[in-house]
Amino acid sequence: MTGGHEIGDLRARLAAGDGPAFWRSLDAVADSPAFRAFLEAEYPAAARLAAAPDRRGFLRAMAASLAMSGLAACGQPDGRTEEVPYVRQPERIVPGTALSYASAALVDGFANGVLVTTRNGRPLKIEGNPAHPWSRGGTDVFAQASVLGLYDPFRLQAPHYLGRPSAWQAFRAAMTGRFAALRATDGGRGLHLVTGPVTSPSLAAQIAAMRRDFPAMRWHVAAPAGREALYEGAREAYGRPLETRWRLGEARTIVSLDGDLLDAGPGQVGQSRDWIEARRAAAAAGRLLSLHHAGPTPSLTGAKADAPLAVGSDALAQIARDLLAEAGGGTAEVRDGPVAAWRRRAFAALNGARGAGVVLAGAHAAPALLAQVHRLNAALGNTGRCVFHTAPVPAQEAEPLAALVEAMARGAARAVVMLDVNPVYDAPGDLGFTEALARVPLKIHAGLYRDETAAHCDWTLPLAHPLESWGDARALDGTVTLIQPTVAPLYDGRTVPEILSILTDAEARDGRGLLDAHWRRPGEDEAAARARLEEALRAGFLPGTALPEESVAAPAPAAARPAAGAPAPSSGPARRVEVLFRPDPTIWDGSLSDLAWLQELPKPLTKVVWGNVVAVSPRLAEREELEQGDVVTLEAGGRRLEGPVWILPGQADDAVTVTLGYGRRAPGLLADGLGYDAYGLRAAASPWRLADATLARTGRRQPPVTTQDHGTMEGHDLVRVRALGAPAAPSAPLPSLYPPAPASAEGRHGGERAWGMVIDLDACIGCNACVTACQSENNIPVVGREEVARGRWLHWLRIDRYYEGGLDQPATHFMPVPCMHCEQAPCEVGCPVEATLHDREGLNLMVYNRCVGTRACSSYCPYKVRRFNYLDYAGDMAPVQQQQRNPEVTVRARGVMEKCTYCVQRIAAARIDATKADHAPIPDGAVETACQGACPTRAITFGDLRDPASQVAAAAADPRNYALLGALNTRPRTTYLARLAAGGTGAGPEGEP
Amino acid sequence: MRQLFAPGADALFRLALLTAAACLAALPVVGAGLMRSSYVTGVGVAPAQPVPFSHKHHSGELAIDCRYCHTSVETQATAGIPPTHTCMTCHGQIWSGSDMLAPVRASYARDEPLHWTRLNKLPGYVYYNHAVHVQNGIGCSTCHGNVTEMQLTYRANAFEMSFCLDCHRNPEKYVRPKDEILTMTWSPPANQAEIGPELVRQYHIRGGERLTECAICHR
């Protein structure tokens, strides 16, 4: 693997234009013989197995496979020996037919509107809710994977007392007396309630009622990946916490200073939709809605920026100061270098669009920077126009976790109730939460799992999964989104409001009762209130509940700048660096770390799976002679962590990024033993950044497993970037030795329809929602860390990440690659048993029961989109997990090749529906593939290419349209729209107006 | 030294060789016969059911419409097995004390479903849709046989792939007029060769080439 000693050479190669224009990894740039061999092996494990077995080994394998085939021939009972009808058939439930419920998926307590598809009473798939005003049909990886969490066999299934199984009645009986006693003494002094961020109006009201009941009770919010910094920044500028939102549709330029406009989190679905709609509208009007991004660590927002810049946090603060000075007519302090050049361009764009510009910073930025951004927007006249504010969505009355630790350490805490939080694991390491907790006499914890906190508590209560719960939560725009159960609880779980009701109400109420009671208007008839709620439940949200815009005064001016401290001496063997903390892009703060889909989902930028890495810049790696996978120690204030290095192009030189969520210590959980725990290094006062830490090598190596070089394609012009409004390139037919193929799409497979897909690279933000949706829809099993390392992953859809330009400031591109459904498919030539062949509508079919597993098709496939079941990955799943499988899709066995089918089951359903509707044509949009439906930016279009009025035909006719590896004459049905750039065909900072 | 082999040993050895050869030759024949036998396919075998329900009585003698119980056959992929409630619509009134119906009453009273032994089963990778067949001229009896003659219900066809393909290749031989779909005793009339292609056209059934594409049944 490439390491520090070679980085200088690589940089020189790229700078000299000697390397590839678009590259995926440092290894690919180095193009060493070892890397060539890796690519040629394609399936490295198969190559190893094929490496000349001796005669005995061969015979042994033959004998074993004969014996196995005999076993396989024996019919296994498949659990379908009985028909079990209902006793009384519920209305609207027809066995085998899909039924959809509107509900909400939660990220950190914030809602995204979703539709839950159920079949036979089991929730199987999450779709976006097109009517929801915030999510508008889009979803994110967390929503898509939540359905897996429901069927997780590791879930806590019953209340436990002191580690032994107990019951809810016992809990209630034990608590009644103790809570009465607490109430009697000083109104609940010593009682502490800990929750996650509360956006639910009904839960907030319930807690408020509880605080009236227990006036001395203290409430704390533990939000390890929360948005506190945003509210702190608003407090500094405006004196009160505020949510900042943007009207991107009216904006002419966006400048992001460590912003998270498109990154995973509560805002991703709605914000990325706002962004792409604005960008598309601008492109239609002939201009580019440019996105300038400067940040210390690569992010999705940075990847989509037309002008990305990697700078450290201090330089970023300087940029903000200089921009503010320039906006006020003053002059900047920094005049030279690439940072100043970037700032000048950004300022020119902002200055040219005063009142129609947006400056933004993200939830992980420093509050001081966020306040500067408020001042900047005010100075540019953007505030109140393109930038506006609402009241904060989560309730703000709670105290931070540090106050709880202080009370516990003093011995003042008599009872701690921790609901849906895991502070023993995710409290910042400098708080000493676990030691303080030991001093509390009564510790109650409710969670989905028996996690680290559960292990330290007296009472451990199982939470109901959101898919089995009644509840409500606000989306980031404030829209109250309702949560309704889609299945009877699998286990004996209760929701947070139900547990609070057990603790405080004389008669414990259920979730629906609590919801009804909260939303009943004063004086409203009970039946009328219920009917109104039923109507809202059908839509999934309460219309008109978005938070209104708040007008703000002029922001407070910045406090005098503290004198810059002396630069830290970089002496000794350890080097001083700035450490940035970020939530993990797939498992978030660790609360989702038990979901195998998310563990095996390649992280958008590193493509690492099943673990986290310590991201360092190429320059730091070069200086410290670090290689990919070297274990380093980061140490600050006596706290430390050890993790493997990842050399991340586009990382600011002296910044090191660590991600939260790994290093779990709860035995028995899936995530146990994966990665390192970054919480231990964290400081409560500055949760997202440690200004001064030391980095040292340990000498050990622990190479992370990554998919970034899996499925590498041989060819050129894979990713294309096209200037806005550039004339269409003349498409002269390439010279070929073959006779000319029929020209039209319908020529070769003359069916009624010609299914095709167009993927817009300008819209793709690399968020992975499509990959998870595909996994959920198509019963794609998880193979595990070791198998991924061997190249045996099974995702039908992968997102390739390419870098363009130099090592230190590259542009980043994302490219989703499903099966291309080539009209002249090379794979079909390779198959000896016709297990892969075309139908008349142009689908490249895979017939599992014909496949004998030669894998020839895969070696013939230039796009590397075929996946092989080396082992029986789907076979040994727990029965409860098998409940999640989509019955419309075959569960593939061992030894079978598989790949994207264009969701043939959805096409078949639409075809059958059309046939039943008196042979009506299938309307455009009636077939939505899983990936298409999940995409928050609507980057994927699917439909009938023969229908000239279809959206996909329009996209195929776009001048940006191109075929991946089109020179091979495979005539792929999946084509791409080139990414947009301002001027010239090159992407990146040069292409600025 | 005594001879090890008796005079007849050679003959015995030859006989053994011949028998072995014959067995080898017979093995595929016997195997194929076994695979086609009702022991394996289950055709014609009525398994024990919690209630000895008679299609002959209900559907034949009483002439209750198929769709009274199999409610979703015209609209959904599955025809639907009736809930206990459907049985009790009549048997709450008639034969309400019959011993034979005790499991039905128990199911209704205890809210525990009846567990019927499954008769018709396709492999997991085959996707069949009742509605689209019933609406396009394929009658119940084509696959399920004449259930009005079945005292106890059994599987009428083995549902091997060739059974499906016979019809998917030549639908005109099997399609019926709409009003004959539920007729259990239907057999192709003498002029099927004339009305068949006409019906195929009316039903917009695509040709054999399209209907035999893999993705029509396999996903």
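I began at His204(B), which takes a positive phi of about 55° just after α10(B). Helices here are DSSP runs of H or I with at least four residues, strands are E runs of at least two, and both are numbered from the N terminus.

The model is predicted: local features need pLDDT of at least 70, side-chain atom pairs count only at pLDDT 80 or more, and totals for chains, interfaces and linings use all residues. Residues are numbered from 1 along each chain as its sequence is written, and chains are lettered from A and ligands numbered from 1 in the order in which they are written.

Next I looked up burial in α10(B), residues 192–202, where Gly196(B), Leu199(B) and Val200(B) are buried. These three lie on the same side of α10(B), because they cover an arc of only 100° around the axis; the arc is taken from the directions from the helix axis to the C-beta atoms. Glu194(B) and Arg201(B), on the other side, are exposed. I used these cut-offs: buried is 20 or more other C-beta atoms within 10 Å of the residue's own, exposed is 12 or fewer, partly exposed is in between, with C-beta atoms placed from the backbone.

I then turned to chain A, where seven strands make an open, mixed sheet in the order β7-β6-β18-β17-β16-β8-β9. β7 (164–165) and β9 (218–221) of chain A are at the edges with a single partner strand each, so one side of each has no neighbour in the sheet. Pairing requires at least two DSSP bridges between two strands. I found β17 (442–447) and β18 (459–462) of chain A running parallel, joined by four bridges. Gly447(A) is opposite Pro462(A) of β18(A).
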